[in-house]
Amino acid sequence: MSSRRRSTRNAGNDEAAPAEPAANDGLRAMRERSRAVAEREASRLARPEQPRASGTLGHASKKKSAVMSTPFGQMMGRSPLGGKRADAGVQEEWCGPFSVARQMIAAREEARRLREEQQAEADPNNSKEIHPLDHEMEMAMEAKKRKENPSMNWVPRRQKANAAEHNNANYYAKRRKRVNRQKSLTGNGANYVPSLFQLCANYLVDNFDHIDSLGLVDHSIRRALCERLVAEGKMNGAAFDVLAETGVETLELVDCAQVTQDQFCEALRALLPSGLRAILLKHCGRAFGGDAVQTIADIKREELELFAISLSGAYLLKDEDAVKLIGAASQTLSSIDLTACPLIGTGFCQAISQHYSSPVDSGTGGSLLELSVQNVPLAKEALLSLGASSDALRNLKSLKLKEIESVDDEVCSIVLNAIEGGLEGIDLSGNVQLSDETLSAIRRCNVNGNLRALSLSELKNLTAVGLEAFFTPIEDMPSPPMLRKLDLSQCTHGEINDAVLILAAKAASFKRSLTTDTVMEDNPNPESLVGEISSNLGLVHVNISGSSVTDKAMEMLAATSVASLEELDISFCTNVSDKGLGYLVSKLGSQFAKLHVWGLAQLSDTGFLDVHDRIEDGGFEVVGVWMKKSGGRSLR
């Protein structure tokens, strides 16, 4: 019976044999379709596998699928029999994050290999042989480098007792401790006791509504009270009446936005005849306009003693009002400062030329000593007429033409040539059209050597060659300026370099009895310049933020400005290191009060911030430490 059943089963298998290929084809097609769909939908997993080179469906092409990543991806490169596929050597790259990183690394290594091969082919003898004296030569070169760069030898005096614990501490905890220590040293900590003056000022501000008169107090006290009132939001009309009482010589308001023009005019009628000499107003758009100018013009000439006027934000002041103001006060007015006054124009410049020219021309006898114009829409023709039409600027001591679109090299040359050599301060910041030609005009204008302050920030067209020539002794030209204040911030990064600052520091501190060869001598070690530097000279305020200076410039500042430098801004100077700043702080005197280091992410806690020589000195402040882990490069 079993033989009968076996023969029957064999017979059935023989009958089903023709249908088996068709069933296998259907299962294979279903399996291929499911596999192709899985490959297409699995891109979110981003796991690179070996691609399937053939057998995909038309509607699920591998080119449309970002990544092949399936649980059975390891078997896709092999045949069903376990052997390798014929096209297994074809490797296709995918766009997953890991694959992209792998491709970048492979490309980098391949580029490095090709570059090394090209260098080897170009110079087959480049292979360096090792000599027994190489180590001694390296040590000698290192010693020479340390001798020429003394900042490399600087070692912090205040090292942490437990360096490992300090390094493992939380960064924000360390910074909070540093900030609290600095506040306590500068008088702003938790245990800070305010001074008697601050206690009195706070008490007066808290009860200012009950004060009718301040009496004969100094201008600095009135200014401090005004600042406190503005900070507390109490600077109103009643407070103005108390501050602007009869008898004051200087009316200075840091914010007079709450003062009406009628109230201000009423105060002027009482203050000007009683000896008011200076009007210094900020945010005065509401208070100072045509009516205020008319009030000043109505005062008798013999009663008017106004010598300085500074207006910021006077959007009601028209050009004809400025002309009337200068005409009424030109006999005594010697300082004019206008900032953000949008209605001032050509008439303002013509009035200065007319009323401040020589007495032979106008008979007025006015003498303008300070002229400051910032963010005012003056035309180029008006500025040219200011310097060319008369000698109104002959006695000028301070000139400020800042953020004026029409100011260019020609305007600066004409205006500076009209000044008779007594200029002490120049501010041409924010005038993007200025170039090295302006430096030549400034140098020729300084015939008497009185220039002490120079601000040229945000001038992108200045070059290192022009600045080096500006601070270099040249025959048939005035000597380089002996500056006390220098601002070259936010100029082109590569143009403000070590050479420029070294020449500026030498020009500001060297004795004038030295010869040109001595000044231009290249001294590798700045400490050797002690005998050539005058103790009464040197830079006092320096701003070189955004420049490319290095530790060499810090060494020169330490050598030439040891007794003069008070404030230094080296923000975003990424080439300055811990050792350069540590050396500078250790060499400068106690007058050095403030250091700005915004953007210097390379400074470390254990290299400078917590270990410099004046860490416990309340008279020294480091401004601009980043809220990030220090000692590493930023992500700019």
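Author: Let's begin with Glu110, which at 35% relative accessibility counts as partly exposed, a label for values between buried (under 20% relative accessible area) and exposed (over 50%), with a 1.4 Å probe and protein chains only. Keep in mind that this is a predicted model, where local features need pLDDT of at least 70, side-chain atom pairs count only at pLDDT 80 or more, and totals for chains, interfaces and linings use all residues. Residues are numbered from 1 along each chain as its sequence is written, and side-chain values use heavy atoms, leaving out hydrogens and water.

Glu110 has a partner in Arg113: they form a salt bridge whose closest N and O atoms are 2.2 Å apart. The term means a side-chain nitrogen of Lys or Arg within 4 Å of a carboxyl oxygen of Asp or Glu. Both residues sit in helix H3 (residues 97-122), three residues apart, which separates them by about one helical turn. Helices here are DSSP runs (H or I) of at least four residues and strands (E) of at least two, numbered from the N terminus. Arg113 is partly exposed as well, at 36%.

Arg113 also forms a salt bridge with Glu117, this time with the closest N and O atoms 2.6 Å apart. Glu117 lies four residues from Arg113 in helix H3, about one turn along, and is partly exposed at 37%.

Now for a bridge elsewhere: Glu252 and Arg223 meet at 2.1 Å, N to O. Glu252 lies in strand E1 (residues 250-253) and Arg223 in helix H8 (residues 219-232), so this pair ties together parts that are 29 residues apart in sequence. Glu252 is buried, with a relative accessible area of 18%, while Arg223 is partly exposed at 27%. The whole structure has eleven salt bridges.

Leaving aside residues up to four places away in sequence, Asp578 touches Trp154, Gln602, Leu603, Ser604, Gly607 and Phe608, where contact means heavy atoms within 4.5 Å.
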